[in-house]
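Let's take a friendly walk through a protein model together. Have the sequence and the 3D view open, and follow along one part at a time.

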Amino acid sequence: MKALVYLGPGKKALEERPKPEIIAPTDAIVKITKTTICGTDLHILKGDVPSCQPGRILGHEGVGVVETVGMAVTAFKPGDRVLISCISACGKCTYCRKLMYSHCTTGGWILGNSIDGTQAEFVRTPYADTSLYPIPEGADEEALVMLSDILPTGFECGVLNGRVQPGCSVAIVGAGPIGLAALLTAQFYSPAEIIMIDLDDNRLEVAKRFGATAVINSADGNTVEALMQLTGGRGVDTAIEAVGIPVTFELCEKIIAPGGTIANIGVHGTTVDLHLESLWNRNITITTRLVDTVSTPMLLKTLESNKIDPKLLITHRFKLDQILQAYETFAHAADTHALKVIIET
Ligand SMILES: NC(=O)c1ccc[n+]([C@@H]2O[C@H](COP(=O)([O-])OP(=O)(O)OC[C@H]3O[C@@H](n4cnc5c(N)ncnc54)[C@H](O)[C@@H]3O)[C@@H](O)[C@H]2O)c1
Ligand SMILES: [Zn+2]
Ligand SMILES: [Zn+2]
C-alpha cells in the first residue's frame, strides 16, 4: 500500500509499505477513505516530537471502512464506515476510567506517533471498540475528518477548560485550524464577544465569517490596548491560547479579566514566563490539556443536526498520490490560504 513516511527531520516520502495486520485481538484494520494533515505533523517533521521515530507512517485523523477486526472487537464489523479518533483509549486503565483518554496507559496519542498512522491506504487502529465511532447515515465524510482531532481539541482544551458561558467575553489567540475550531464550538454557549487575534489578515477574515465579533492583527504590537478598548478596559473572561509560543501565552496573561480563565491549547517547546507579580491578586485560573476526545459523540450529534459546519475549515483537496503537494500547500498557509486539506485515497 502507499503511505506517507517520516524519514527524520525535514524528510518525508510517499513509499510502498506492507498492508498492516491485526496484532492484538482488540485491533481493527481500517481502509482509509479520507485523511488530512495536522500542524502537529509539521512539528514532527521539524524533529520536535522525539517519540515519533524515522520510518513512521504519519497521520492521526481520518475516516474509512473497517476491513477486518480482531477476535475481541464487538462494536464493529467489516464494512462499517468509521471515524478514527486521534486518541486511542483502552477504556479500562485508571486514566480512561477518569475519561482522560489522552493519558491512557497503553494508548493516548499513539497513531502517527509511536505506531503507524492514517496517511496511508490502510491503518491498524488499536482498541477499536473504544477508539472508533460509527459514521451516522448520510453524514458528510469530509466534515467528519474535522472530528478526529481539531474540533474536540478546540472544544475540550479551549472552550470547556476556558469555561465559556452565555454573555461572557472570549479572546482566541491564533486563528489556525485549532483556534477556528475553538471559535466554532465556543458559539454553543453564546458568548457576547469573541475576539480573534492573529498575524494573518486572511485568517482573521475567515474568523469574521465564522462568527468572531471583532478581530485584532497583533503584528503592530498594540494588541493589549486594542483589546482593552473593545472590553471597556476589563479584559476578557476567557483567553484561549492556540499558537504555542511564549509571546502569545504572555499576551493571554495581559488580557485576562479578574476572575477569568486562561485555557492553553498550544504545544509549547520552550519556557514561558508566569507573571505572578501582576496576576497573584486577580483570581484567575490557568488550564492545560491534551485533547481527550471525550466530546466526540456530542460533536457528532451537533454535526448531524447542522448546529455546526466544520466543512468550512476545508480549503484544499488532494489524492493520496499528491500528498507531498498537499504538505507543501499546508505548510505554506500564509501564501496558499490553506486551513485543512483533505486527502482522498
Ligand atoms: N493541546 C492539544 O491537545 C493540541 C492538539 C492539537 C494541536 N495543538 C496545538 O495547537 C496549536 C495550534 O494548532 P494549529 O494547527 O491551529 O496551528 P497553526 O500553526 O495552523 O496556527 C497558529 C496560528 O497562530 C498564528 N500566530 C503565530 N504567531 C502569532 C503571534 N505572535 N500572535 C498571534 N498569532 C500568531 C499564526 O498566524 C497561525 O494562524 C499548535 O501549537 C498545535 O500544536 C494542541
Ligand atoms: Zn493533530
Ligand atoms: Zn486506557
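Which domains does the domain assignment of the protein chain give? There is domain 1, made of 2–149 + 293–344, and there is domain 2, covering 152–288. Please keep in mind that this is a predicted model.

**How the domains meet**

The centres of domain 1 and domain 2, taken over C-alpha atoms, are separated by 27 Å. Contact between the two involves 18 residues of domain 1 and 14 residues of domain 2. On the side of domain 1 that touches domain 2, α1 and α11 (296–304) each supply at least two residues. That side of domain 1 has nine nonpolar, six polar and three charged residues.

**Around the ligand**

Now look for ligand 1. Why does ligand 1 lie between domain 1 and domain 2? Both domains give residues to the shell around ligand 1, so that is where the ligand lies. The ligand is surrounded by 29 residues, and the closest are Gly 39, Gly 174, Gly 176, Ile 178 and Gly 244. By class, the shell around ligand 1 has 14 nonpolar, eleven polar and four charged residues.

Several helices and a strand each supply at least two residues of this shell. Here they are, ready to find in your viewer:

| Element | Residues | Supplied to the shell around ligand 1 |
|---|---|---|
| α1 | 39–45 | at least two residues |
| α5 | 150–160 | at least two residues |
| α6 | 177–186 | at least two residues |
| β9 | 193–198 | at least two residues |
| α9 | 246–255 | at least two residues |

**A sheet and its helices**

Strands of a sheet pair through backbone hydrogen bonds, either parallel or antiparallel. What is the order of the six strands in the open sheet? The order is β10-β9-β8-β11-β12-β13, and the pairing is parallel. At the edges stand β10 (214–217) and β13 (285–288); each has a single partner strand, so one side of each is left without a neighbour in the sheet. From one strand to the next, the twist averages 15 degrees.

Zoom in on strand β8, residues 169–173, which runs parallel to β9 and is joined to it by five bridges. Here Val 170 stands opposite Ile 194 in β9. Helix α6 packs on the sheet and touches β8, β9 and β11 (236–241), with its direction at about 160 degrees to that of β8. Another helix, α8 (residues 223–230), lies across β8, β9 and β10 and runs at about 165 degrees to β10.

Definitions and conventions
Residues numbered from 1 in each chain as written. Chains lettered and ligands numbered in written order. Predicted model: local features only at pLDDT ≥ 70, side-chain atom pairs only at ≥ 80, totals over all residues. Near = placed C-beta within 6 Å. Helix = DSSP H or I, 4+ residues; strand = E, 2+ residues; numbered from the N terminus. Nonpolar A, V, L, I, M, F, W, Y, C, P; charged D, E, K, R; others polar. Domains from an automatic or database assignment. Contact = placed C-beta atoms within 7 Å. Pairing = 2+ DSSP bridges. Axes fitted to C-alpha atoms, helices over the stretch in contact; angles between N-to-C directions.
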